[in-house]
Protein chains: 2
Amino acid sequence: MQELIDLINKEGHAIGNNILKVDSFINHQIDTKLLNDIGAFLASKFEGVTKVLTIEASGIAFGVSVASHLGFIPCVFAKKNTSKILDEKNIYRTFVESFTHGNVNLVSVDKRFLNKDDKILIIDDFLAEGNSALGLIDLCNQAGAEVKGIGVVLEKGFQGGRKRIEELGYRVEAAATIEKIENGKIILK
Amino acid sequence: MQELIDLINKEGHAIGNNILKVDSFINHQIDTKLLNDIGAFLASKFEGVTKVLTIEASGIAFGVSVASHLGFIPCVFAKKNTSKILDEKNIYRTFVESFTHGNVNLVSVDKRFLNKDDKILIIDDFLAEGNSALGLIDLCNQAGAEVKGIGVVLEKGFQGGRKRIEELGYRVEAAATIEKIENGKIILK
């Protein structure tokens, strides 16, 4: 998606050879025009979706945008913390390692919001090693829901996430793909 | 907002006399048609806004919706955790007590995204005691940004948040107000 590629070239920053900082338009301050266009782009890549599944926090904006463009279908976001009003007996749960934060999160979805009749599109802001997407796929499998595919805003193509997901038979679409980060320079596909 | 009031009556649940569970359409599974309509409603209540400020996680969907309806202005979400790519010297920070989770969060915004020229609309899903909104007002004050008002989806009118905020001179708008929760019954204004 050219609009996104242009913004990465203009405002994105690389830290070392791994970390991409896009917090001025993606995951701290959000460019809502770009958000709307990314939502339309990712929505156009998938058919027959009944529900979007994403993960808090920075997946939420993109999840609801895609779900709106798919005809205002529901968007569920998996939670990283268990609040006192989330009934622990009635949740699907999995563990997700965060590349950015360097920790492991218990991620959960209330069983009422994932069902065997759901045809799920998984949406996230980043695809790196694929841990987050694989965790969300695991939640769908626990519910018996069908996964129609995985849509991400930014794929870091050099961290293997796409390969791990495609090997399980799922389609991956990205609005932009980073081929590599080299000495602080971002090289886009 | 009648559409929201109808959904609260249909799908909302009260726990005890304090907690309102609206996770089937507001803060776990999101009804994206309702989200869009709430965004339009809250956006229509304020003028001269240049940026929306909200807080992760469940404020984000409503923040970006309102910002989109205000002409695709930027939406910044305050972060509750400090990742290793967030430079600690360059953030505004405050402490916010969470009524739902019963803990205190360090909440931060990168200094690049709040400026003295910004005219900020603060958006959140819930207004209870007002701690979250007061924390976001504090961040705006640190930046010298002007706060144009506070818009929330659901106000729990019996917990005093509106009074604390209005006493500081800020306007509060809510899409729906809960007068009280009594023996598991939700009484709407």
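**Helices and sheets**

Colleague: Is the crossing of α1(B) and α2(B) left-handed or right-handed?
Modeller: The crossing of α1(B) and α2(B) is left-handed. That means the near helix is turned anticlockwise from the far one by less than a right angle; clockwise would be right-handed. This is a predicted model, where local features need pLDDT of at least 70, side-chain atom pairs need 80 or more, and totals for chains, interfaces and linings use all residues, while side-chain values use heavy atoms without hydrogens or water. Residues are numbered from 1 along each chain as written, and chains are lettered from A and ligands numbered from 1 in written order.

Colleague: At what angle do the axes of α1(B) and α2(B) cross?
Modeller: Roughly 140°, and the axes of α1 (residues 2–11) and α2 of chain B come within 10 Å. Axes are lines fitted to C-alpha atoms, for helices over the stretch in contact, with angles from 0 to 180 degrees between N-to-C directions. The helices (H or I, at least four residues) and strands (E, at least two) are DSSP runs numbered from the N terminus. α1(B) and α2(B) are therefore oblique: under 35 degrees is roughly parallel, over 145 roughly antiparallel, 65 to 115 roughly perpendicular, and the rest oblique.

Colleague: Which residues meet there, α1(B) against α2(B)?
Modeller: B:Glu3, B:Leu4 and B:Leu7 of α1(B) meet B:Lys33, B:Leu34, B:Asp37 and B:Ile38 of α2(B). By class, that contact of α1(B) with α2(B) has four nonpolar, no polar and three charged residues. Contact means heavy atoms within 4.5 Å. Ala, Val, Leu, Ile, Met, Phe, Trp, Tyr, Cys and Pro are nonpolar, Asp, Glu, Lys and Arg charged, and the others, Gly among them, polar.

Colleague: How far apart are the axes of α2(B) and α3(B)?
Modeller: They are 8 Å apart, and the two helices pack at about 60°. So α2(B) and α3(B) are oblique to each other. α2(B) passes α3(B) in a right-handed crossing. Residues making the contact include B:Leu35 and B:Ile38 of α2(B), and B:Phe62 and B:Val66 of α3(B).

Colleague: How many residues of α3(B) are buried?
Modeller: Eight of its 10, so α3(B) is largely enclosed by the rest of the structure. Buried means under 20% relative accessible area, exposed over 50%, partly exposed in between (1.4 Å probe, protein chains only). Among the buried ones are B:Ile60, B:Phe62 and B:Val64. After α3(B) comes B:Gly71, with a positive phi near 95°.

Colleague: New topic. What is the strand order in the sheet that starts with β3(A)?
Modeller: The order is β3(A)-β5(B)-β4(B)-β8(B)-β9(B)-β10(B)-β11(B), an open sheet of seven strands with mixed pairing. Strands pair if DSSP finds at least two bridges between them. Its edge strands are β3 (29–30) of chain A and β11 (185–188) of chain B, each pairing on one side only. β10(B) and β11(B) run antiparallel and are joined by four bridges. In β11(B), B:Ile186 is the bridge partner of B:Ile181.

Colleague: Which strands does α2(B) touch?
Modeller: α2(B) packs on the sheet against β8, β9 and β10 of chain B, at about 115° to β10(B). α3(B) lies across β3 of chain A together with β4, β5, β8 and β9 of chain B, at about 170° to β4(B).
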